[in-house]
Amino acid sequence: MSWLTVVNLFDAVCWLNKVVDTAAADGTDMCAAYMQATKAMLAVDITDNQAIGTHGAHYIAETASTSSIKLLMHYNAGALATTGYGMALGIACTLNELNVLSHMYFTKTRPYNQGVHLMAVELLEEHIPSMHMCNLAVSALLQSDLGIQAIVVGADRVAANGDTANKIGTYQLAITAHHHNRLFIVAAPSTSINLDMPSGKQIEIEQRDPSEILVQSGFTQSLVATGSLEPASVQVAPVETRAWNPSFDVTPAALISAIITEKGVITKQPNSSKFDLKAALS
C-alpha cells in the first residue's frame, strides 16, 4: 500500500466534509457548524504549533555549544503554511523570543520558490535577522559558517521508523547536515506520523508538471519599485526539453537527529538508525 503526502490537509478536508454532512442530516445550520469546527481546529493547531516551537527551541538551545544560535530552514513551515505560529518556523520564533537566535538562513525552495515568496515575508514580520540563499549553496554555507547549529524542516508525512517525506530538496540537506556534523531536525505534529506505515518506501511521491521547472515565474522587475506587481513567466529551457519534477523526497531516519512534535522531542536509541515512534507516541 502507498500513502499520500500532505496528510493533514486531506484529513482536515475530510473532517470538515463530515461536519457539514452531519449538520445537513440533522437539519442544523451547516454554516454555523462549519465555522464552529474550523475555530476548534484553529485553536488546537495553534496550541500544537506553540508546543512544537517550545520543545524544538529548548532542544536546540540545550544541544548547542553557544548562546548565539544560527539556523537554516527549507521550504515554508510557518504561519502561512499552518496557522498563527508555524511549526518549523515556530522553533525559530521561540529561540528569537529567548534572545538566543542570532541569524536565520532560508532556501529559495525551487521550483515554486516558497522560501523566498513565503518564508521571507514571515521572517520580516517576526523581525528575525535572515538571509535568503539558493538551495545548491547550502553545503558551501555549512562549510564556511561553523556557527550554524541546525537545519530545521517540516514534514508532510512521517513513517513509523522516522523516514520523512517533505518538499523536494530536503533529502540532500539531510545528507550535507550529516556530513558537516550539524543537527537535522524535523518539526511536525503527531498527526503527520503514520504508525501503520513501516517505512518511507510506502510513501507515494507525486510527479509534478514539468513546466514548473522549465518556466520561471515572478514579477516584472522594472515595475516593482513603483509598487506595481505585474506577474510574468519566462521560458528558461527549450520547449522540447523533458523534465523530472518530483514534488517531495524521502529522508531516511538515519540522517535525522530528532523529530519534534507537540508531545515532545523524539530521538533514536543509541546505535540505532531508526526511530521507534510507536513507543514514543504511546
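I started at β7 (183-187). It runs parallel to β12 (residues 258-261), and three bridges join the two. Two strands count as paired if DSSP finds at least two bridges between them. I looked up A187 as well; its bridge partner in β12 is I260. The model is predicted, so I note the terms: local features need pLDDT of at least 70, side-chain atom pairs count only at pLDDT 80 or more, and totals for chains, interfaces and linings use all residues. Numbering runs from 1 along each chain as its sequence is written, and side-chain values use heavy atoms, without hydrogens and water. Helices (H or I, at least four residues) and strands (E, at least two) are DSSP runs, numbered from the N terminus.

Next, the whole sheet. I read seven strands in an open sheet, ordered β3-β2-β1-β4-β7-β12-β13, with mixed pairing. β3 and β13 (264-266) each have a single partner strand, so one side of each lacks a neighbour in the sheet. Neighbouring strands are turned by 25 degrees against each other on average, direction ignored.

Then I checked which helices lie on the strands. α3 lies across β1 (69-73), β2 (101-107), β4 (148-153), β7 and β12, at about 165 degrees to β1. α6 lies across β4 and β7, at about 145 degrees to β7. Contact means heavy atoms within 4.5 Å. Axes are lines fitted to C-alpha atoms, for helices over the stretch in contact; angles run from 0 to 180 degrees between N-to-C directions.

I turned to the packing of α2 (residues 30-63) and α3 (residues 88-97). Their angle is about 65 degrees, and their axes are 7 Å apart. On the α2 side the contact is made by I52, G53, T54, G56, A57, I60 and A61, and on the α3 side by G90, I91, T94 and L95.

Which non-glycine residues have a positive phi? I noted H127, with phi near 55 degrees, and N181, at about 60 degrees. Most residues other than glycine have a negative phi. H127 is in the loop between α4 (114-125) and β3 (130-133). N181 is in the loop between α6 (170-179) and β7. H127 is exposed at 68% relative accessibility, and N181 is exposed at 71%. Buried means under 20% relative accessible area, exposed over 50%, partly exposed in between (1.4 Å probe, protein chains only).

Last, cysteines. I found zero disulfides, a disulfide being a pair of cysteine sulfur atoms within 2.5 Å. The sulfur of C31 is 20 Å from the closest cysteine sulfur, in C14, too far for a bond. C14 is partly exposed at 43%; C31 is exposed at 58%.
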